[in-house]
Amino acid sequence: MRKPFRTLTLAFLAIVLMMVMVLAGCSGSNQGSSTGTEPKQQGGGDDSSKGERITLTVELFDRNNTPAGEPPITDNFMTQYIQENFGDPNNIEVKFVTVPRAEEVDKLNVLMASNSAPDIIFTYNKPTVENYVKNGGLTDLGPLIEEHGPNLKKVLEPALPYGVFEGKQYAIPALRVLQAQTTTFIRKDWLDKLNLPLPETTEQFVEALRAFKEHDPGNTGGKVIPYSHINLFHMMPLVNSFWEWDKIDDKALYAVPRWLQPGSKEGFRLLNSMYHEGLIDPDFAMADDFSQQFAQQVVTGIAGAGTTNTNEPVYNGYYANLRANNPDAVLEAIDPFTTPDGKRPKPMYEPIGAYIMVPAFSENAEIAVKYLDWMARPENILVLQNGIEGVSYTMSEEGYPVLLDTPEAHTLLYNYYDYCIILNGKFVSPDDPYKNIAANAFDLEFKDFTINSIEAGNNDGYVIPRVDIPVEAEIKYAKMLEDFEKEMFAKIVTAPPQQFDQVYDQLVDEYMAMGGQAVMEEKMQAYDEFYNQ
Amino acid sequence: MNSLRRQWPLYVLMILPMTFFIIFKYIPMAGVMVAFKDYNMFQGIWASEWVGLDVFREVFSMPQFYRALRNTLMLNFFSLLTFPIPIILAILLNELRIHWYKRVSQTLLYLPHFISWVIVGGMAIRLLATHTGSVNQFIKNLGGNPIPFLENEFLWILTYTGAGVWHYAGWGTILYLAALTTINKELYEAADVDGASRLRKIWHVTLPGIKPTIIVLFILQIGRMAEISFEQPYALRNELVMDVAQVISTYVYTVGIQSAQFSIATAVGLFQSVVGLILLLTAEFLSRKINNQGIF
């Protein structure tokens with residue numbers, strides 16, 4: 001009887017010992033990675049620091065769009081190019097840390113609060129940057145750029161002022177080559193079948209949608225969604241065409257919430273009636289941010305029209321997929337949303353993309369700036385944005401890269417924009433805007449579509465005035481207000497028509513009460529302060 | 001002392017779980033300090049400034065907080081109504097006489113427990129979306145009107161509760177099934193001798209046999225009324241039903257993680273724990289009054 005018990009005890013002890021060792025192992029390796037830049041003890045002597053490889057960690061968006069069978073985004077042609085041409089010569093290990101695209105702010109906040117963020121981080125969200133600045137979490141990159149960033153300064157010249165907060169260069173904003181934000185497109189082959197012209201006004205556009213619904217020119221068996229990709233961001237051109245622009249000055253444009261701008265309500269009323277008429281995607285409120293739902297609707301040929309990021313059907317590849325499914329399909333960029341006096345106002349981006357930052361606790365700020373400067377050299381921009389000459393692109397006679405329409409090109413470049421983070425859009429040269437636009441029309445098959453899209457997206461566009469004084473209330477409430485705006489949008493568009501005004505006014509009141517009012521008042525002050533200095 | 005010498009391996013074995021609880025459950029409790037500080041995430045907890053109850057004052061002035069609190073209690077109340085379902089399932093399983101049939105149904109009932117809420121959320125949209133969901137397509141083909149399972153607030157609550165039952169009920173039977181095996185077989189035999197029917201036996205032998213288990217689980221569930229899982233509401237909600245779907249856990253996520261207002265999020269979490277503790281103690285107290293048995 002005793003013997004089995006003793007064996008059991010021994011077995012238990014062995015397990016306990018093993019777990020303790022595993023735990024010790026874990027903590028040991030954690031320590032190793034967090035202080036990876038420090039020389040290891042075992043070498044001894046001074047020379048160990050000279051030979052030590054430094055690890056530079058860089059944030060990388062994971063858009064969950066890697067084609068099946070392709071290498072992971074942390075180890076593919078682009079990362080290898082970076083490692084071989086920047087990392088190895090400088091004895092640096094460049095390591096990419098992925099962050100899901102739709103959760104970039106959440107994930108970044110957690111990484112920052114736990115002091116485990118990569119050396120190079122970025123976000124599109126300005127309040128998040130201001131929050132880090134306010135709490136002293138960022139490295140002042142000004143002096144480092146002066147010393148180590150000549151290429152960076154040259155390429156990013158128009159963008160750099162946007163990265164100055166409280167007088168210091170806490171962020172390096174990526175240069176946005178094209179400022180167009182959204183463009184509407186429509187299935188031209190459907191219009192042709194129905195003998196309809198390309199819509200030039202809002203009424204014509206709605207008429208075309210009605211015809212799509214009624215006659216189902218795509219033979220979808222009743223599944224047709226005349227107008228899709230319905231969300232607040234992409235509905236702004238439509239809503240803006242109802243604004244009474246003569247009553248809106250720059251200060252109001254900057255400070256007043258879109259829901260309160262004169263005329264705004266009528267824009268949403270049109271969307272509401274389109275919803276009840278069955279002209280827009282009835283389940284639009286179910287789609288997550290950045291979901292591929294709309295792309296699927298286009299590819300399967302059930303979407304008739306949509307407003308997307310400018311040129312998205314080309315750069316995300318779903319126009320090409322649609323054509324593969326249906327060679328007769330034609331998308332055409334249009335610009336139908338018109339004010340009574342014939343203007344087509346729509347929001348455009350500031351000349352910047354994501355804010356690139358280095359956390360204050362990073363020990364590799366200098367290397368980070370050197371990395372970005374290396375990236376700003378023309379030869380590296382060319383490779384990181386276009387891949388390999390002869391495989392994924394050729395050089396045109398005028399000196400800009402033209403993409404090849406090959407499977408190799410597609411697999412090489414499906415997420416190229418996530419590596420060359422200092423640029424948003426294809427870039428050839430700071431001195432030649434034409435080359436830059438031409439380079440962005442990179443897919444020859446769709447060159448006209450791209451150029452038309454960019455033109456339509458720029459037409460009568462406006463940029464929100466710049467004020468670089470951080471707005472406290474905005475830092476605090478921006479995310480909650482942004483979430484609530486999505487909720488408002490869904491409820492307002494789906495409200496029963498007879499209750500539309502009531503729902504709209506009530507939601508706007510709630511919005512103002514939960515922080516909208518505070519943000520508006522502080523923004524008014526900040527505007528006066530900034531422009532009256 | 002004697003027992004220590006004799007049973008030392010057992011005490012040694014306890015060290016690991018104790019270490020786990022101290023490191024992962026007790027030490028982090030010090031973090032609630034954040035609720036009383038103007039927390040700066042780069043300076044850390046100690047260096048941030050004390051602000052007393054300012055954070056709580058701010059929380060209690062937020063309309064969104066009351067909405068989240070109300071929804072948490074409401075959704076949990078609906079879930080509490082489904083409390084008897086695992087008991088009924090367990091008794092039904094217990095009454096099954098064909099062995100393989102019982103095994104198969106048990107396994108099928110457990111399976112949903114292992115499916116992540118994220119997947120359940122995706123399935124809910126595919127099945128229940130008003131215009132494109134399969135269930136509504138089916139209803140439409142039969143000539144009916146689509147039912148807005150996910151868009152109407154009341155129907156959403158039912159969908160939420162139903163998904164919860166689907167997910168948890170089978171798994172919840174495990175404890176009851178275990179309790180059922182402890183019932184003395186002789187009681188059933190005696191009841192047979194007295195000529196009791198099946199239903200009578202369930203009522204007079206089975207149910208009293210698992211009563212203590214039912215009470216303990218009920219008290220625990222009451223104690224959890226103020227807390228709510230993050231995944232279930234987050235995966236099932238959409239913009240149209242936020243008025244009933246924004247709960248404390250998702251609110252803390254929005255405020256704390258997404259807006260980096262860690263002090264406010266911590267204060268909300270602390271408040272939730274205090275309410276939970278009060279509810280738990282009340283349930284325990286009532287149970288002792290009524291049944292003369294509780295859990296502590």
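Trainee: How many bridges join S3(A) to strand S12 of chain A, and do the two run parallel or antiparallel?

Mentor: This model is predicted. In it, 3 bridges join S3(A) to S12(A), residues 352-357, and the two strands run antiparallel. Take one residue: A:Thr123 has A:Tyr355 of S12(A) as its bridge partner.

Trainee: In what order do the strands of that open sheet stand?

Mentor: Read across the sheet: S3-S12-S6-S15, all in chain A, with mixed pairing.

Trainee: Why is one side of S3 and of S15 left without a neighbour in the sheet?

Mentor: Strand S3 (121-123) and strand S15 (423-424) of chain A are at the edges, and each has a single partner strand, so one side stays without a neighbour.

Trainee: What should I look for around helix H11 of chain B?

Mentor: Check both ends. At the start of H11(B), residues 185-193, a side-chain oxygen of B:Asn184 comes within 3.0 Å of the backbone nitrogen of B:Glu186. After H11(B) comes B:Gly195, with a positive phi near 80°.

Trainee: How many aromatic pairs are there over all chains?

Mentor: The count is 51. One of them is B:Phe20 with B:Phe21, edge-to-face, 5.5 Å between centres and 90° between planes. B:Phe20 is partly exposed, at 41% relative accessibility. B:Phe21 is partly exposed too, at 41%.

Trainee: Is B:Phe65 buried or exposed?

Mentor: B:Phe65 is buried, because its relative accessible area is 0%. Its edge-to-face partner is B:Tyr66, 5.4 Å away centre to centre, with 70° between the planes. B:Tyr66 is partly exposed, at 42%.

Trainee: Which residue lies over the face of A:Tyr349?

Mentor: A:Arg176, at 3.4 Å from the ring centre. Likewise, A:Lys426 lies over the face of A:Tyr416, at 4.5 Å from the ring centre.

Note on methods: Residues numbered from 1 in each chain as written. Chains lettered and ligands numbered in written order. Heavy atoms only, no water. Pairing = 2+ DSSP bridges. Helix = DSSP H or I, 4+ residues; strand = E, 2+ residues; numbered from the N terminus. Polar contact = N/O pair within 3.5 Å; in protein donor to acceptor, adjacent residues only side chain to side chain. Phe/Tyr/Trp six-rings, centres within 6.5 Å; stacked < 30°, edge-to-face > 60°. Buried < 20%, exposed > 50% of the residue type's maximum accessible area, 1.4 Å probe, protein only. Lys NZ or Arg CZ within 6 Å of the ring centre and 35° of its normal.
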